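Please read it alongside the structure.

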Amino acid sequence: MSSETSPARKDGSPSVISLHGVSLIYPNGTRALDNLTLDIAKGSFVFLVGDSGTGKSSLLRLLYREQVPTRGEVVVDGVRVDLLKRSRIPYLRRNVGVVFQDYKLLADKTVWENVAFALQVTGTHTRELLRLVPRALNRVGLSHKGEMYPSELSGGEQQRTAIARALVNNPKILLCDEPTGNLDPANSTEIMETLLHINLKGTTVLVATHNAAAVDRLRRRVIRLADGKIVSDEDRGYYSLANGTHGGLGQSTVLP
Amino acid sequence: MVDWGRVQFFLSEVRRSFTRNPVMQITAIGTVTVTILMLGAFLFGRQTLTTIGDQIVRKIEISVFLDDNVDPVTARKLEVQIAADPRVLSVTYISRAEGLALMRERLRGQIDMSLLKSNPLPDALRVRVVDPALVTQVAAHIQKMPGVATTVYAQDVVTKMLRMGDILSRLGLIVVISLVLTAAIIISNTIRLTVFARRREIGIMQLVGASAAYIRGPFICEGLIHGVVGALIAIGLLAAAQAEYLPKLQAALPFIPLSIAGHDELVFSLALLGTGACVGILSSWISVDHYLRT
């Protein structure tokens, strides 16, 4: 019953993501998430850590409704995502940007076109497009690479293109699933800096990662999953639990 | 105001999906062409058969033989009465004398008519009806009239013609449905392939919040192009075949009216085009929808 209650929000800020008693069991019987309860405050920057296969990606998929929980409530920006009608899913996705380890860029479109694509397919007027795309590229520092194709970019630049695409609709929440998984340390640092900047402008950022260096350097809230359960939730955590306890941090909440 | 940037983007998406697998596109269009060609040829054949059948059946008349004691005045009254029936096309009065003359004419040289000492024939009326299907009904009605001895008509021919028309219609319907189904399956397979080739793009569209209707758009358009282009080719071929072969066929079979009136040709072409378009839209819709739901 250890994971049934999450630590109360100490700062009292309203939560933008809220899970209550969420379980996810795949058709093959695998229990990906086990009775998870969790609140994420608006405007916060949160790391999701844990070994591979502990449910980090499954948790993110629930938030942009790629997956429906077997049990429990999922609330994103005040909307019960688990009850969302299929026809309403696109509107949720415009409010939730998602970034993946493999970037998911279209190889036959330029950086500019890849970012514009997110607006074009949601029926944005061309006039808006010409205003919003340069702004998004500017936010990730790619203004000068708009005409290049993904294959002409470094991994870090490709990921920044993907982040620009996720941001161009100006979402309230940015979900990142292993955003630095394919990148070298220098590029990884760059990406984390970019995410931090985005968070400073008010977007809630949730990053599932194995990047210990970044987690330890940024010292943000760290939610740790093991076997589909939350095993620790620290406000200024480290990547590994041992680090956190040795650091002697008063604010950390380590669940038994 | 129209946002031309959006229109341009949509058209480029359609073009991209269409040029991705030219062989499949040609196969899909070709199938529609063959289907519409056969549909057109079949409808033409049925039309011709119906016309021939109509002409044969139209010649069927009811012979109404009157009682011996009916005088010419009563016979005339009966004639007027039958002619007043809206189902009746024409009524001809044939007196027993005329009837005998006609019989002599018909049987000349076969039977020695001089053996006849008196005229054995009763007075008669020849009745034609507006629709062959009404022959039996009208004959039964006339049979009940006072002064009518008996009614005779080629019952077998009528029922056989009617049944044949019925069978041909049903057979045609089955053929047409299976042809349309084949075309639909091939188009939906083609669309499924294009959907598969673009699944990465569709995944990204769904991720950034494109609506299902938006994602569907280019694929439906592709299916529509299959249907319309295929139908247009078929209509062109049918028109060429008509111009080339119909006069020759007509010359070979002068007794069968083969031409389709000008007005019908346009309706006919539009119906074929509409069928092609519907098959294209529906089959692509089904296969995209199937993909988006799974």
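What does the secondary structure of chain A come to? Chain A has eight helices and eleven strands, where helices (H or I, at least four residues) and strands (E, at least two) are DSSP runs numbered from the N terminus. The model is predicted: local features need pLDDT of at least 70, side-chain atom pairs count only at pLDDT 80 or more, and totals for chains, interfaces and linings use all residues. Residues are numbered from 1 along each chain as its sequence is written, with chains lettered from A and ligands numbered from 1 in the order in which they are written.

**Chain A overall**
- Of the 256 residues in chain A, 44% are buried (20 or more other C-beta atoms within 10 Å of the residue's own, C-beta atoms being placed from the backbone).
- Among contacts (C-beta atoms, placed from the backbone, within 7 Å) in chain A between residues at least 6 apart in sequence, 66% join residues at least 24 apart.

**Helices H3(A) and H5(A)**
- Helix H3 (residues 111-120) and helix H5 (residues 155-167) of chain A pack with axes 8 Å apart, at an angle of about 30°.
- H3(A) is therefore roughly parallel to H5(A) (angles under 35 degrees).
- H3(A) contributes A:Val111, A:Asn114, A:Val115 and A:Ala118 to the contact, and H5(A) contributes A:Thr161, A:Ala164 and A:Arg165.

**Contact of chains A and B**
- Chain A gives 17 residues to the contact and chain B gives 13 residues.
- On the side of chain A that touches chain B, helix H2 (89-93), H3 and helix H4 (126-139) of chain A each give two or more residues.
- H2(A) supplies the largest share of that side, three residues.

Methods: Axes are lines fitted to C-alpha atoms, for helices over the stretch in contact, and angles run from 0 to 180 degrees between N-to-C directions. Angles under 35 degrees count as roughly parallel, over 145 as roughly antiparallel, 65 to 115 as roughly perpendicular and the rest as oblique. Two residues are in contact if their C-beta atoms, placed from the backbone, lie within 7 Å. A residue is buried if 20 or more other C-beta atoms lie within 10 Å of its own, exposed if 12 or fewer, and partly exposed in between; C-beta atoms are placed from the backbone.
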